[in-house]
Amino acid sequence: MIMEPVSGAISRLFGRLGLERGLQGWRAVSEWPRLVGPRVARHTRAIAFRDGALHVEVEGSAWMHELGFLRRDLVRTINQQLGSECVKDVRFIAPRGGIPK
């Protein structure tokens with residue numbers, strides 16, 4: 001009997017079920033601060049991944065405007081760092097209760 005790490009078996013199962021892209025997208029949510037760096041992370045928070053889009057709360061209209069210009073670069077950088085083309089878009093939204101410090 002050949003033993004395989006559980007992570008390998010889960011990864012294969014997710015691939016067969018077509019869930020791997022979603023898993024990578026949620027990885028982008030959890031690793032957002034590392035992916036974008038401390039300057040951007042201080043004013044943003046990734047909150048969801050749906051249908052290829054990473055949803056990010058942004059503190060203030062000035063940051064929302066600036067990040068709008070950086071959208072393509074962010075998508076490219078995130079996908080490169082994840083080693084996947086799972087993120088197709090980043091959607092910036094106003095937070096409901098502010099960005100926690």
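In this predicted model, V56 touches W32, T44, R45, A46, V90, R91, F92 and I93, leaving aside residues up to four places away in sequence. The bridge partner of V56 in β3 is F92. V56 also belongs to the largest nonpolar core, which has 22 residues, and is one of the members that touch the most others, together with W32, L54, I78, V87 and V90. Two or more residues of this core come from each of α2 (20-30), α3 (32-36), α4 (38-41), β1, β2, α5 and β3. The largest share, 6 residues, is given by α5.

In strand β2 (residues 53-58), 6 of the 6 residues are buried, so the strand is largely enclosed by the rest of the structure. In a regular strand, side chains alternate between the two faces of the sheet. In β2, A53, H55 and E57 point one way, while L54, V56 and V58 point the other way, and all are buried.

**The sheet**

Three strands form an open sheet with mixed pairing, in the order β1-β2-β3. The edge strands, β1 and β3, each pair on one side only. From one strand to the next, the twist averages 25°. The two pairings of β2 are set out below.

| Strand paired with β2 | Residues | Bridges | Direction |
|---|---|---|---|
| β1 | 44-50 | 6 bridges | antiparallel |
| β3 | 89-93 | 5 bridges | parallel |

Individual residues show how β1 lies against β2. T44 stands opposite V58 in β2, and R50 has A53 in β2 as its bridge partner. α5 packs on the sheet and touches β1, β2 and β3, and the direction of this helix makes about 155° with that of β3.

**The connections between strands**

How many residues lie between β1 and β2 in their hairpin? The hairpin has 2 residues between the two strands, and D51 in the turn has a positive phi of about 50°. From β2, the chain crosses through helix α5 (residues 61-82) to β3, and this β-α-β crossover is right-handed.

**Summary**

β2 has β1 as its antiparallel partner and β3 as its parallel partner.

Technical notes. Residues are numbered from 1 along each chain as its sequence is written. This is a predicted model: local features need pLDDT of at least 70, side-chain atom pairs count only at pLDDT 80 or more; totals for chains, interfaces and linings use all residues. Side-chain values use heavy atoms; hydrogens and water are left out. Buried means under 20% relative accessible area, exposed over 50%, partly exposed in between (1.4 Å probe, protein chains only). Helices (H or I, at least four residues) and strands (E, at least two) are DSSP runs, numbered from the N terminus. Two strands pair if DSSP finds at least two bridges between them. A crossover is right-handed if, with the strands pointing away from the viewer, the path from the first strand over the helix to the second runs clockwise. A nonpolar core is a set of buried Ala, Val, Leu, Ile, Met, Phe, Trp, Tyr and Cys residues joined through side-chain atoms within 4.5 Å. Contact means heavy atoms within 4.5 Å. Axes are lines fitted to C-alpha atoms, for helices over the stretch in contact, and angles run from 0 to 180 degrees between N-to-C directions.
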